[in-house]
Amino acid sequence: SVQPTSICDAICKDDGEMLDVSTPERTKFISRIAKLPESKLVPTAKRKLILNFPSKFSGWKISLLQKECEKVGLPKTGTKSSLIERLNGIHPPKLWLQRKNKGKYVPLRHDTCGSAILVALYLHENDLRPDQLDGDGGMSKDDIFKKTEEIKVSKEELSAQTTGTYAYDGWSTMAPLLQNSDPALVVRVKGGRYKLTRSGDFCGYNIAQVMHKWSHQHNTCRCGKNTEDM
């Protein structure tokens, strides 16, 4: 089994910094992360802050931090410490940001219903052999519902939900995915089924691929696949 000190070394190895395990706060942190699988032992922003990792953003003014967040596609609201934590963390995929900056529709985050639909379609199409693509009829609405429930990318379900007086239908996020934004992300084909678009750098398949990796970086996709092999 992995020992706590080696876990912390694994978290810090990219920065070449060794831990002083006698520090009470770090000792407490070590005991908490000792149970984590090694696949999750990455130097996230929160862990870097706990372990006193230096940040190149520490001396920046809040206005510069906000501009940098906007530049890389991150929310620019919040305190200085939250902005720094955000910048030290996971950034949106460059392809997602490039499409967004061109004024074309993309799901706002990695964990929306729109993201879940794209990832579901991507996983379906990625499982096909090249010679099966032309004959693939796409996924039905029910197929997509089942797949999104399986992978749990979105915090919300696609089916209509009511919270108090507020009703939300996650399937409504399919509409902007179908918008002809040159290219659309999804196309509706014969039989009311759906497929990812394949034409152009910013097509649905390419965007769905980076959305899938993005959701894995946040540990929100339960597809069980290794994104490095896809």
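Is N219 buried or exposed? N219 counts as exposed, because its relative accessibility is 54%; exposed means over 50% relative accessible area, buried under 20% and partly exposed in between (1.4 Å probe, protein chains only). The model is predicted, so local features need pLDDT of at least 70 and side-chain atom pairs count only at pLDDT 80 or more, while totals for chains, interfaces and linings use all residues. Residues are numbered from 1 along each chain as its sequence is written, and side-chain values use heavy atoms, with hydrogens and water left out.

View A. Most residues other than glycine have a negative phi. N219, which is not a glycine, has a positive phi of about 55°. N219 lies in the segment after α10 (204-217); helices (H or I, at least four residues) and strands (E, at least two) are DSSP runs, numbered from the N terminus. K152 is also a residue other than glycine with a positive phi, near 60°. The place of K152 is the loop between α8 (141-151) and β1 (161-163). K152 counts as partly exposed, because its relative accessibility is 43%.

**View B. The aromatic pair of F57 and W60.** Rings of Phe, Tyr and Trp (its six-membered ring) pair if their centres lie within 6.5 Å; planes under 30 degrees apart count as stacked, over 60 as edge-to-face and the rest as tilted. The count of aromatic pairs comes to five. One of them joins F57 and W60 in an edge-to-face arrangement, with 4.9 Å centre to centre and 80° between the planes. F57 is buried, because its relative accessible area is 5%. W60 has a relative accessible area of 28% and is therefore partly exposed.

**View C. An aromatic cluster.** F145, W171 and Y194 form one aromatic cluster.

**View D. R198 with Y205 and E125.** The charged end of R198 sits over the ring of Y205, 3.8 Å from its centre; for this, NZ of Lys or CZ of Arg must be within 6 Å of the ring centre and within 35 degrees of the ring normal. The side chain of R198 also meets that of E125 in a salt bridge (3.0 Å, N to O), a term for a side-chain nitrogen of Lys or Arg within 4 Å of a carboxyl oxygen of Asp or Glu. This pair links distant parts of the chain, 73 residues apart: E125 is in helix α7, and R198 is in the loop between β4 (193-196) and α10. E125 is buried, because its relative accessible area is 4%. R198, with a relative accessible area of 42%, is therefore partly exposed.

**View E. The salt bridge of K155 and D111.** The structure holds eight salt bridges. In the one between K155 and D111, the closest N and O atoms are 3.5 Å apart. The two residues link distant parts of the chain, 44 residues apart, with K155 in the loop between α8 and β1 and D111 in the loop between α6 (94-101) and α7 (113-126). K155 is exposed, because its relative accessible area is 69%, whereas D111 is buried at 7%. R109, D111 and K155 are linked in a network of salt bridges.

**View F. The salt bridge of E70 and K76.** The side chains of E70 and K76 meet in a salt bridge with an N to O distance of 3.6 Å. E70 counts as partly exposed, because its relative accessibility is 49%. K76 is partly exposed, with a relative accessible area of 41%.
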